[in-house]
Amino acid sequence: MTSQNVNMMNYISENWNIDFPSENTIVYQVKPSPSFTNDGIYYEVQEVKNKNLPITLTNKKNNETEEEFNKYITEAKVSEKQLPDFTQDYKYYKKNDVGRSLIVVAQHHKLYIVFYNL
């Protein structure tokens, strides 16, 4: 695993206290432009090697979550081929905190992670 992968996984760990398995590989990412307040949208796609995730995924479609996810990734200008296909089955995890939100979508051995910070 590259140090960049470690740094990005640490980014989620530091901000959300979630440690994804180190065997996972980051295959795509969009980081917010550096700012004093660390605000913006962070997006990454991980290939999942390890099924033991540190989060509990909800196993049903959720239109509200899809809309929120799509709103964030539109702002981050994510390439369409790096997005989950919401017409197919997926699992998700969502966590909100004061002024920030995390959504993880699991589909086809990949995790699509968007983290929004106001």
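At 70% relative accessibility, K77 counts as exposed, a term for residues with over 50% relative accessible area, whereas buried means under 20% and partly exposed lies in between (1.4 Å probe, protein chains only). This is a predicted model, in which local features need pLDDT of at least 70, side-chain atom pairs count only at pLDDT 80 or more, and totals for chains, interfaces and linings use all residues. Residues are numbered from 1 along each chain as its sequence is written, and side-chain values use heavy atoms, with hydrogens and water left out.

K77 is not a glycine, yet its phi is positive; N17, also a residue other than glycine, has a positive phi as well. The table sets out both residues. Helices (H or I, at least four residues) and strands (E, at least two) are DSSP runs, numbered from the N terminus.

| Residue | Phi | Loop between | Relative accessible area |
|---|---|---|---|
| K77 | about 55° | helix 2 (63-76) and strand 3 (91-97) | 70% |

The interior is described next. A nonpolar core is a set of buried Ala, Val, Leu, Ile, Met, Phe, Trp, Tyr and Cys residues joined through side-chain atoms within 4.5 Å. The largest one has 19 residues, of which Y43, F69, I73, V78, V105 and V114 touch the most other members. At least two residues each come from strand 1, strand 2 (40-47), helix 2, strand 4 (100-107) and strand 5 (110-117). Helix 2 gives the most, with four residues.

Contact means heavy atoms within 4.5 Å. Leaving aside residues up to four places away in sequence, F69 touches Y43, L83, P84, F86, I103, V105, Y112 and V114.
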